[in-house]
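Here are a few notes to go with the structure. Have it open while you read.

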Amino acid sequence: MLKITPYLGSLVVIVSLGGLWYPILGYFMFLVMGTLFITSLFRGRWFCGNLCPRGSYFDYGIIKISKKRKIPKILSSMWVRVPAFTLMMALMMYRISVTFAAQNTFELIGTILVSMCLMTTIIGTMLGGYFNTRSWCNACPMGTMQRVIGGNKHQLKMDHESCVDCKLCEKVCPMELEVRDIGNNPDCIKCGRCVDKCPKDSLSF
Ligand code: SF4
Ligand code: SF4
């Protein structure tokens, strides 16, 4: 985790709500998409655990109201994630394409991006409030894209010799992964919490 990670969540609120008055704020979404695309080439889902404003919003905001119920496995299933990714991208492309005939295309595209940010924030807040905080991240279209691009990059390493099976690592994993059997899990968001928690230094990147 980076020093700025806890503060990034405020950007979600600024874009989702401020964007209702200032649609230009929606263009921040393109910056996010571009950055996560580049980082995923080298570090898989590292962006999700370190730079994602929405991830920070869940970890440091929604955690205060979350019921922390177990995340439903169905959310991380490709049967949910692929349609969610396809639907979101198709909807965004379609809505943007119909703005080209208008005179205020720039502002309209900003409005579309803000509405998508707001919509996904509402869904993520409801999921994170009812289940565990990072529920949305199990199905997030941008997380799925990073997984596909660089899921095998920058993997967590496990020293089974020194592990004493205390499971402290699994208790702190926000993605509820089976850390001790992590292997090449492409949905690890490289937040490093398990590494920090392990009393035996059995985990490393
Ligand atoms: S396995 Fe470790 S680094 Fe990966 S998401 Fe879980 S806590 Fe974070
Ligand atoms: S915290 Fe460390 S010692 Fe405990 S189960 Fe996890 S890897 Fe093993």
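**Notes on the model**

1. Ligand 2 sits among Met 158, Cys 163, Val 164, Asp 165, Cys 166, Lys 167, Cys 169, Arg 180, Cys 198, Pro 199, Ser 202 and Leu 203, taking a residue as near when one of its heavy atoms lies within 4 Å. By class that shell splits into eight nonpolar, three charged and one polar; Cys and Pro go with the nonpolar set here, and Gly with the polar one.

2. This is a predicted model, with local features needing pLDDT of at least 70, side-chain atom pairs pLDDT 80 or more, and totals for chains, interfaces and linings using all residues. Residues are numbered from 1 along each chain as written, chains are lettered from A and ligands numbered from 1 in written order, and side-chain values use heavy atoms, without hydrogens and water.

3. Around ligand 1 you'll find Leu 156, Cys 173, Pro 174, Val 179, Ile 182, Cys 188, Ile 189, Lys 190, Cys 191, Gly 192, Cys 194 and Phe 205. That shell has 10 nonpolar residues, one polar and one charged.

4. Helix 8 (residues 141–150; helices are DSSP runs of H or I, at least four residues) is largely enclosed by the rest of the structure, because seven of its 10 residues are buried, meaning under 20% relative accessible area with a 1.4 Å probe, protein chains only. The buried ones are Pro 141, Met 142, Gly 143, Thr 144, Met 145, Gln 146 and Gly 150. Their cover includes helix 2, helix 3 (46–50), helix 5 (78–97) and helix 7 (135–139), by contact of heavy atoms within 4.5 Å.

5. Tyr 22 lies in the loop between helix 1 (9–18) and helix 2 (28–43). Tyr 22 counts as exposed, at 56% relative accessibility, the cut-off being over 50%.

Key. Helix = DSSP H or I, 4+ residues; strand = E, 2+ residues; numbered from the N terminus.
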